[in-house]
Amino acid sequence: MGDAAKTLGVSVDTLRRWDRAGKLSTERDDRNRRRVPVAEVRRLSERPSRHRSGDRLSARNRFPGVVRSVEADGVMALVEIEAGPHRITAAVTRDAVEELGLAPGVPATAAVKATSVMVDRRDG
């Protein structure tokens, strides 16, 4: 489970929830431990999913989408991301917009932590 979770960029708890919900097929070994077949890891790796996350962030707080607008004024900017049915607006620095190459049409992920929103550009 740990290796599968690491490969998919989600937590082991997320894999357990997916298993209980029928979104993931697991097998049990002779010690009754859950094992994720390689075919399942491949299937989930190839499919775009809002659950895939990057570095050490919970899968539940990431909203992959597309930048719809960027309004820069002074040192700050407002970035609006359309993520499925959600529209998320983040106040970030102008430097962050430039470093990430954020512009309308660019794929990006909003990572929400408490009352803050962090923006990470995603490719593909």
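A residue is called buried when its relative accessible area is under 20%, exposed when it is over 50%, and partly exposed in between, using a 1.4 Å probe and protein chains only. By that criterion, 32% of the 124 residues of this chain count as buried.

The model is a predicted one, so local features need pLDDT of at least 70 and side-chain atom pairs count only at pLDDT 80 or more, while totals for chains, interfaces and linings use all residues. Residues are numbered from 1 along each chain as its sequence is written, and side-chain values use heavy atoms, with hydrogens and water left out.

I begin with the overall layout. The chain has four helices and seven strands; helices are DSSP runs of H or I with at least four residues, strands are runs of E with at least two, and both are numbered from the N terminus. Along the sequence their order is α-α-β-β-α-β-β-β-α-β-β. Among contacts with a separation of 6 or more, 35% come from residues 24 or more positions apart, a contact being heavy atoms within 4.5 Å.

Let me turn to helix 3, which spans residues 38–46. Which of its residues are buried? They are Glu 40, Val 41 and Leu 44. These residues lie on the same side of helix 3 because they cover an arc of only 100° around the axis, the arc being that of the directions from the helix axis to the C-beta atoms. In general, an α-helix has 3.6 residues a turn, so residues three or four places apart point the same way. The buried residues of helix 3 pack against helix 1 (2–8) and helix 2 (12–21). On the face turned away from that buried side are the exposed residues Val 38, Ala 39, Arg 42 and Glu 46.

Finally, the salt bridges. The term denotes a side-chain nitrogen of Lys or Arg within 4 Å of a carboxyl oxygen of Asp or Glu, and the whole structure contains nine. One of them joins Arg 33 to Asp 29 at 2.8 Å, N to O; Arg 33 is partly exposed at 37% relative accessibility, whereas Asp 29 is buried at 18%. Another pairs Arg 87 with Glu 82, whose closest N and O atoms are 3.3 Å apart. Both residues belong to a network of salt bridges that also links Arg 68 and Glu 80.
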